[in-house]
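Thanks for coming, everyone. Please have a look at the sequence and the structure first, and then I will walk you through a few parts of it.

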Amino acid sequence: MLEFEDAWLEVRACAGSGQAAAIEEQMLEVSAISEILEAAANTNKHRGMWDYSRRLYKGEIETIEGALDLAKTAEDSRSISYSVNVTYKGSCYTLTIFAIKRSQ
C-alpha cells in the first residue's frame, strides 16, 4: 500500500458524454463524497467553469476507494490520481482522488 503526504477529492463537471455510474445511497454515507457532491450540485446552478476539492484525511482514501469504482488514470514518480464519472441529482460529475506520494 502506498503512503501519501497529501490527498484531495476533486469534483468537476463531466467532459464529453462518457459512461457515468449512478450514485447509490451507501456512497453518500461517506462524508467526503456527500460533501463534495452537494457542493458541486449547488455550484452547478451557476453556469461557468468550476471545480471543487476537499482535502482527505488519513483513512478517507481507503473508505472512498471502497465506496466508488475508481480507475487509475495517471501516475508519475510524485503523484497518482484515480477517477470515476458519476451522476448525482441529474448531472454528471467526475470525482478524482489526487494524491502526492510520500518522499522516499
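**Strands, core and a helix pair**

Let me begin with Phe4, which stands opposite Lys101 in strand E6. This is a predicted model, in which local features need pLDDT of at least 70 and side-chain atom pairs count only at pLDDT 80 or more, while totals for chains, interfaces and linings use all residues. Residues are numbered from 1 along each chain as its sequence is written, and side-chain values use heavy atoms, with hydrogens and water left out.

Strand E1 (residues 4-13) runs antiparallel to E6 (residues 91-101), and nine bridges join them; two strands pair if DSSP finds at least two bridges between them. Helices (H or I, at least four residues) and strands (E, at least two) are DSSP runs, numbered from the N terminus. E1 also pairs with strand E3 (residues 51-55), again in the antiparallel sense, over five bridges, and there Trp8 stands opposite Arg55.

Which residues of the largest nonpolar core touch the most other members? They are Leu9, Leu37, Ile64, Leu68 and Leu95, out of 28 residues, where a core is a set of buried (under 20% relative accessible area, 1.4 Å probe, protein chains only) Ala, Val, Leu, Ile, Met, Phe, Trp, Tyr and Cys residues joined through side-chain atoms within 4.5 Å. Helix H2 (31-43) gives the largest share of this core, six residues.

Finally, H2 and H3 (60-67) pack at an angle of about 75°, with their axes 9 Å apart, and are therefore roughly perpendicular (65 to 115 degrees) to each other. Axes are lines fitted to C-alpha atoms, for helices over the stretch in contact (heavy atoms within 4.5 Å), and angles run from 0 to 180 degrees between N-to-C directions.

Definitions and conventions. Buried means under 20% relative accessible area, exposed over 50%, partly exposed in between (1.4 Å probe, protein chains only). Angles under 35 degrees count as roughly parallel, over 145 as roughly antiparallel, 65 to 115 as roughly perpendicular and the rest as oblique.
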